[in-house]
Amino acid sequence: MINRINASYIIYAMLGIAAASLCLMMLGFGTGLLPFLALQWLTLPAVVFAAILVLLRFLVDRTNFNFYLAALLTGSVLLEGITTVMSTIFFQSGSPHALFGTLVASTSVVRFTLTGSALLALLTFVNAARLRFLLTSFRTMWLWLLGAATVVVALLWMVQPGLEQDYLKAGFAVVEYLSFAFIVAALFISWDKKINQFRDFRSYFFAFVLLSLAAQAITVLSFDSTMSLSFKIVHLIRCVGYLTLFGGLLLQNFRQLKDAELRAQNLSLINEEVQQEIEERKWTEELLRETRLFAETIVESIRDPLLVLDGDLRIVRVNRAFYRMFKLKPASTVNRLLHEIGRGQWDRPELLEKVRRIIPKRESFENFEMTSVFPRSGAKTILINGHLINQKDLQTKLILVTMSDITATKLAQEEARRLASGVESAADSIMMTDPEGVVRYVNPAMTDLSGFSDTDLLGQKADMFWSEAKAADGSNGVWQKVQAGEVWRGEVTNRRKSGELYEALLTIAPIFDSEKALEGFVSVQKDVTELKAAREELSRRAEELAKSNAELEQFAYIASHDLQEPLRMVSSYCQLLRRRYRDKLDTDANEFIDFAVDGAMRMQKLIEDLLQYSRVGTHGQPFKRTDCGLVVNKALENLKLSIEDCDATVTQEKMPVMIADEIQLVQLFQNLIHNALKFRNGSAPVIKIACREHKKEWIFSVRDNGTGLDARYADRIFVIFQRLHNSDDIPGTGIGLAICKKIVERHEGRIWVESRPNAGATFSFSLPRLKEVVP
Amino acid sequence: MRKQRSRPVEILLVEDNPGDIRLTREALREGKLHSHLNVVSDGAQALSYLRMWQPFTDAIRPDVILMDLNLPRKNGHELLQEIKQDADLRAIPVVVLTTSNAEKDISQAYAAHANCYIRKPVDFGQFMDVIRMIERFWFTIVLLPSE
């Protein structure tokens, strides 16, 4: 029931009482004191009742307490107001009564006190923050005005001339009423629409109650004999009523205080705990954050790519290195399945199987090697490790996949392997030593060469190969040079295990590590004993040959030259004999002399030819720029008479310019053309001199329509003194073509003939175009 | 035409080969000119002869010198050089008559002021012709300084 006690009921009840009092007062007009007293008596219980209701309400529900207080106050002020008005009317109707006088006076005091309490309430506003608020707020501005008006009206009332004491008291009653009105005003002022509650009204009300109590107490304490009993009772009850109200408020305040204190205590305890907890949590969080940051930094800054996968092999976390290495974007990686990312490079059944086993079997794997071609990063060989990530408090299990790119290492290994295999199977003997010359490696060719086995060599000083002579002198120079970081190259005489010496072409080069520090030496040697011997033999033979050739030519020259002298004597004296004694000798003697002369002449011719032949090699001119056209012309000029004699036709093509011995070329052409004239058929010779390019050569040819020759003899005709005809038919010693061949060979060319008997012959010779010059 | 000489033409032949000496002598004998052939067999002797040193104190200054190049002791080239450097002897015409047809010999002889260079023909007939031509050229066509 108490729950239903509503502020409106209280107000309605009070209004009802007020209305009843008014009616009674109207009825009592003219009848004197009774109605007024009745009102007085009725007001009190109404106020007390309302106060009790408010307290009860407060005990049940502490919310909205301020509202009930306000309702109570409104009712009280209304009643008090009516009482005051009526008192004033009584005084003015001119029936002063001692009782009323006292009553009004005491009431006035009470109401005055209320005004004071209102002022006091105002004072609660007065503190730094409030003052500024009051000064600036319009809402409180008219409160000030109202307060000020109240004081002005009260003062005006009090200074009214001739104002009687009672009127003065009645004036106080008006002022008291105004102060009530002020409280009501304060009531409305303190209503805060935003929160639908009064603010600070409790302070006002507390002050109001305290002062009303004080006023009633003063009244009660100032009781004297002149005062009626009823008056005394009214004020006692009033006093008790205010006391009750005050006590209730005090109690409530105290309880609230105590509650608050307790709450505060609890709160501070809780607060402390919370604080502690917060601290702890903060610390944990900090630790967590730091740990996380630590882990994060490691994960992100680690050079090797990392992946974190869940049980479905879905990618949960990727580090930067992964993106960098495989040129992937987070959008196309995170939340994708492992075998989906990239272009399926990760879709390797063995790899996926290994990763899948990690969670259910709690198996890790390490160093799974995989080579794939990755877009934009090329072929890579990576080593992959997979581990279970232990998360005790979490149900989800994760897989950490780490990888490292070993492409470069792999390539280097391959390269090293290839190199090693090259070194191992090299034909040259290779040995590597450390900087002190201690053997660290030898290849099979080295053991073959030296006769020392691996175990003889490895770990030993490399000076075992040095022959005594080298150990005595040269090796130090070599050693110093390679120690200085230079490459040494040269021929040395080394010693085999058997003690046998061998010639080696040796290269010793220093090996530097990546820090440019001397790591050792590599020596490559090649057994050149045989090569050297062969080379020496070759050069010795070439020398011998040259010497022999020179001697031969010199011999041929000198021989033919010196042979001429006695021959000349033979032939000359034979001729002289014939000349002087032809008539004195018989026919036989003359014939013998003729044979002797003829033989001597032939011998003379042979010697001359031989001399000419030998001069091709020994008396050649230096090669110089030679116009072959002019050469042919000169040859033709020299043969002019012969050509005219046999009525020959000679045609020539355009000839190149080249570097050659001009005199010899003239002789060459001359001999060939002369041959063509000499071996003519019955008809007039037709000779064609031609030249064509063939690969790197010029090929010259002299073609005739003469007797030709059997191809069987094609080679023989170029040999000195080889003839196909006897000297009776066609004169000559058979030197011409031999000289041609020698001239052509001196020019590094070839000479040959194409012919058939009675079908003419084509003599051709080639000269290298290297000797050609641009005209 | 030139005046008829009162004395035989003096020819100095410098030649070591007796066969050649004889051939030359024979050739000159067949010639029309009355000549006197004096023979020395080497360069040193030739110089002694020309300078009338021992044993050639009564030697007659030759009108022309025929010389081979291939000589013992002092060879033809040296002899030629000394003759042509000697102011007294250089006026005597020197005919080089040799078997060599080496370019080097020819150019060297002319460089040393040889008056002509003739290769000894192998054929005797031709040799005869050459000697006759020398005779004719130097003693009938060419005018030589008088003594």
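Predicted model: local features only at pLDDT ≥ 70, side-chain atom pairs only at ≥ 80, totals over all residues.
Reader: So helices (H or I, at least four residues) and strands (E, at least two) are DSSP runs, numbered from the N terminus. With that settled, where is Lys327(A)?

Author: Lys327(A) sits in the loop between helix 10 (320-326) and helix 11 (349-361) of chain A. Residues are numbered from 1 along each chain as its sequence is written, with chains lettered from A and ligands numbered from 1 in the order in which they are written.

Reader: Noted. What's phi doing at Lys327(A)?

Author: Phi there is near 55 degrees, which is positive although the residue isn't glycine. Most residues other than glycine have a negative phi.

Reader: Which residue of chain B has a positive phi, and where is it?

Author: Arg73(B), with phi near 60 degrees, in the loop between strand 3 and helix 3 of chain B. Arg73(B) is exposed, at a relative accessible area of 66%.

Reader: And which two residues does a cis peptide bond join?

Author: Gln54(B) and Pro55(B), with omega about -5 degrees. Pro55(B) belongs to the loop between helix 2 and strand 3 (64-67) of chain B.

Reader: How do helix 2 and helix 3 of chain B cross?

Author: The axes of helix 2 (residues 43-50) and helix 3 (residues 76-85) of chain B come within 9 Å and cross at roughly 20 degrees. Axes are lines fitted to C-alpha atoms, for helices over the stretch in contact, and angles run from 0 to 180 degrees between N-to-C directions. So helix 2 of chain B is roughly parallel to helix 3 of chain B (under 35 degrees is roughly parallel, over 145 roughly antiparallel, 65 to 115 roughly perpendicular, the rest oblique).

Reader: Which residues make the contact?

Author: Gly43(B), Ala46(B), Leu47(B) and Leu50(B) come from helix 2 of chain B, and Leu79(B), Glu82(B) and Ile83(B) from helix 3 of chain B. Contact means heavy atoms within 4.5 Å.

Reader: Switching to the cores: how many residues are in the largest nonpolar core?

Author: It has 43 residues, and Phe669(A), Ile673(A), Phe700(A), Phe763(A) and Phe765(A) have the most contacts inside it. Such a core is a set of buried Ala, Val, Leu, Ile, Met, Phe, Trp, Tyr and Cys residues joined through side-chain atoms within 4.5 Å. Helix 21 (residues 662-678) of chain A gives the most, with eight residues. A second, separate core of 28 residues includes Leu309(A) and Ile384(A).

Reader: What covers the buried residues of helix 22 of chain A?

Author: The cover includes helix 17 (529-581), helix 18 (587-618), helix 21, strand 18 (750-755) and strand 19 (761-768) of chain A. Among the buried residues of helix 22 (residues 736-746) are Leu737(A), Lys742(A) and Val744(A). Just after helix 22 of chain A, Glu748(A) has a positive phi of about 60 degrees.

Reader: And chain A overall, how many helices and strands?

Author: 22 helices and 19 strands, with 40% of the 775 residues in chain A buried.

Definitions and conventions: Heavy atoms only, no water. Buried < 20%, exposed > 50% of the residue type's maximum accessible area, 1.4 Å probe, protein only.
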